[in-house]
Amino acid sequence: MTAENVAPGDDSATPKSVNEPGDQAALVRLTGVNKHFGALHVLRDINLTVTAGEVVVVIGPSGSGKSTLCRTINRLETIDAGTIELDGRPLPEEGKALANLRSDVGMVFQSFNLFAHKTVLENVTLGPIKVRKARKADAEQQALALLERVGVATQKDKYPAQLSGGQQQRVAIARALAMKPKVMLFDEPTSALDPEMINEVLDVMTSLAKEGMTMVVVTHEMGFARRAADRVVFMADGQIVEQAPPSTFFTSPSSDRARDFLSKILTH
Amino acid sequence: MNVITDNLDLFFQGFLKTLGICIICLIGALILGTVIAGFRVSPVAPLRGVGTTYVNLVRNCPLTVVLFFIAFGLPEIGINQSYYVFGCAALIVYTAAFVCEALRSGINAIPAGQAEAARAIGLTFTQNLGSIILPQAFRTAIPPVGSVIIAMFKNSAILGAFGVSGDLLGNAILLTSSRGQDPTAVYLGIGFFFLLITIPAGLILQYLERKAVILR
Ligand SMILES: Nc1ncnc2c1ncn2[C@@H]1O[C@H](COP(=O)(O)OP(=O)(O)OP(=O)(O)O)[C@@H](O)[C@H]1O
Ligand SMILES: [Mg+2]
């Protein structure tokens, strides 16, 4: 994987030609993506391709635009310029087509966001029943298997608030997996957790990565990045500054920004 | 006091009719108010416009004006109904604006992540509203919606004053004007029967409120 970043600060750049031939396995492709929050330029000419089965970890200082990047991929944030394609198709603007696309993109949030008025089991079956039109019995059977897999099947009848953070996040992963997504997005899935619960969530994510799930993971867990990532994407000030396999990135980062960032987070 | 005991049947019939009006308008106002609230949070701008205009117009008009507008305006365009129907329609239209705003406060109290997570698994706006947003909004909005509903129960008296006969207030007017009964006693009785509706309603609301608490 080579870095495909564009020169910094070039806001007016028009998106590049989207389809490079012979790159069929690209599952997610962002081309020339720009986004502003008012005057703040949060995403600057982002070009990023995630191939099927790849695990991409996004790291970078606070405010660098990692969450925003993650959220544009299922259009929870709109973009000002550029294109985003999922499985070769541009993201629909809105409506049913967009909802449809989102059902193929699993998302796990920092704050879990489990449906507070629904039980654990209902949280996991809701999508399959409402979106995939699955039969309730089938959806429940699948949900139980997923809850089993993430280790919270015994909690199935509880409400989210009755669970620990780590348990809630594992339910959230099961909820996303229940849609059989093509790609999973994780936005700092362990940042809201007490330290002793971080590993139970990372273990689930690591096993997902091993099974070949395509994943984009925003995280500060460098251990996870080393262990599970195929590629580390380093962002600063809304740009992708550098991207490399974890072994290369952690031992010999090529940019000063990355070196500086690593020295700060790895020393304490 | 024998005004009441002597005319117990009138009071009781009035009570039943008023109760009927309350129940019809309760259902109507909840449905219409929910629809308007859906408009107000819709991603479709024209629908939001309709919702906002509705609330601003209706909520800022006195109930009597809404009532007269419906009862005398609609026949002008060829819609003729009994005073009873017009009266209920006015009460529903008026109360729905308040139900809408109470619900909207409930919707605003839901953490943004709830709707976001629902969108992320592929629910459409309508599914999101129906499965995630409104069920949570109803639960948090039970106290304010409840106040609106109890106010509506009391406002239902306006139908009798307007000329609908046979409800509590209509019968009170019959007793005091046509039959010359002592207003103090009559209205004491009417008040009692209204309390017979509003106090249990309040208790039911308290019960619902306790049952519907969402743990966060
Ligand atoms: N909805 C919003 N409205 C306005 N500004 C926003 C919004 N969301 C994010 N921002 C700003 O955009 C910038 C990038 O935010 P983002 O959340 O993507 O950063 P991040 O890299 O995820 O940071 P962190 O590590 O703190 O989560 C920040 O300066 C943030 O304050
Ligand atoms: Mg973030």
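# Two chains and their contact

Guide: Chain A and chain B bury about 1900 Å² between them, and carbon and sulfur atoms give 63% of that area. Buried area here is the accessible area (1.4 Å probe) that two parts lose on being put together, summed over both. Phe115(A), Ala116(A) and His117(A) supply 28% of the area that chain A buries against chain B, more than any other three residues. This is a predicted model, in which local features need pLDDT of at least 70 and side-chain atom pairs count only at pLDDT 80 or more, while totals for chains, interfaces and linings use all residues. Residues are numbered from 1 along each chain as its sequence is written, chains are lettered from A and ligands numbered from 1 in the order in which they are written, and side-chain values use heavy atoms, with hydrogens and water left out.

Visitor: How many residues does each chain bring to the contact?

Guide: Chain A brings 25 residues and chain B brings 20. Contact means heavy atoms within 4.5 Å.

Visitor: What makes the radius of gyration of chain A agree with that of a compact globule?

Guide: The radius is taken over C-alpha atoms, and the globule rule is 2.2 Å times the number of residues to the power 0.38. For 268 residues the rule gives a value near 18 Å, and chain A has 18 Å, so the two agree. The C-alpha trace of chain A spans about 50 × 45 × 40 Å along its principal axes.

Visitor: Which elements are counted in each chain, by what rule?

Guide: Helices (H or I, at least four residues) and strands (E, at least two) are DSSP runs, numbered from the N terminus. By that rule chain A has 9 helices and 10 strands, whereas chain B has 11 helices and 0 strands. The C-alpha atoms of chain B fill a box of roughly 65 × 45 × 20 Å, taken along the principal axes.

Visitor: Why is Thr18(B) called buried?

Guide: Buried means under 20% relative accessible area, exposed over 50%, and partly exposed in between (1.4 Å probe, protein chains only). Thr18(B) has a relative accessible area of 1%, and is therefore buried. The residue is in helix H2 (residues 8–40) of chain B. Leaving aside neighbours within four places in sequence, Thr18(B) is in contact with Ser156(B), Asp167(B), Leu168(B), Phe194(B) and Ile197(B).

Visitor: Why is Glu116(B) assigned to the buried class?

Guide: Its relative accessible area is 14%, so Glu116(B) counts as buried. Glu116(B) lies in helix H6 of chain B and touches Arg71(A), Leu76(A) and Phe109(A), not counting residues up to four places away in sequence.

Visitor: What do the buried residues of H6(B) pack against?

Guide: They pack against helix H1 (66–72), helix H2 (95–102), strand E6 (105–108) and helix H5 (165–177) of chain A, together with helix H7 (125–140) of chain B. Among the buried residues of H6(B) are Gly113(B), Gln114(B) and Ala117(B). Just after H6(B), Gly122(B) takes a positive phi of about 100°.

Visitor: Why is Asp237(A) called partly exposed?

Guide: The relative accessibility of Asp237(A) is 47%, so the residue counts as partly exposed. Asp237(A) sits in the loop between strand E9 (231–236) and strand E10 (239–244) of chain A. Beyond neighbours within four places in sequence, Asp237(A) is in contact with Arg44(A), Ser64(A) and Arg257(A). The C-alpha atoms of Asp237(A) and Gly65(A), 172 residues apart along the chain, are separated by 7.0 Å.

Visitor: What is phi at Phe112(A) and at Lys180(A)?

Guide: Most residues other than glycine have a negative phi. Phe112(A), not a glycine, has a positive phi of about 65°, and Lys180(A), also other than glycine, has a positive phi near 50°. Phe112(A) lies in the loop between E6 and helix H3 (120–130) of chain A, and Lys180(A) in the loop between H5 and strand E7 (183–187) of chain A.

Visitor: Is each of these two residues buried or exposed?

Guide: Phe112(A) has a relative accessible area of 10% and is therefore buried. Lys180(A) has a relative accessible area of 61%, so Lys180(A) is exposed.
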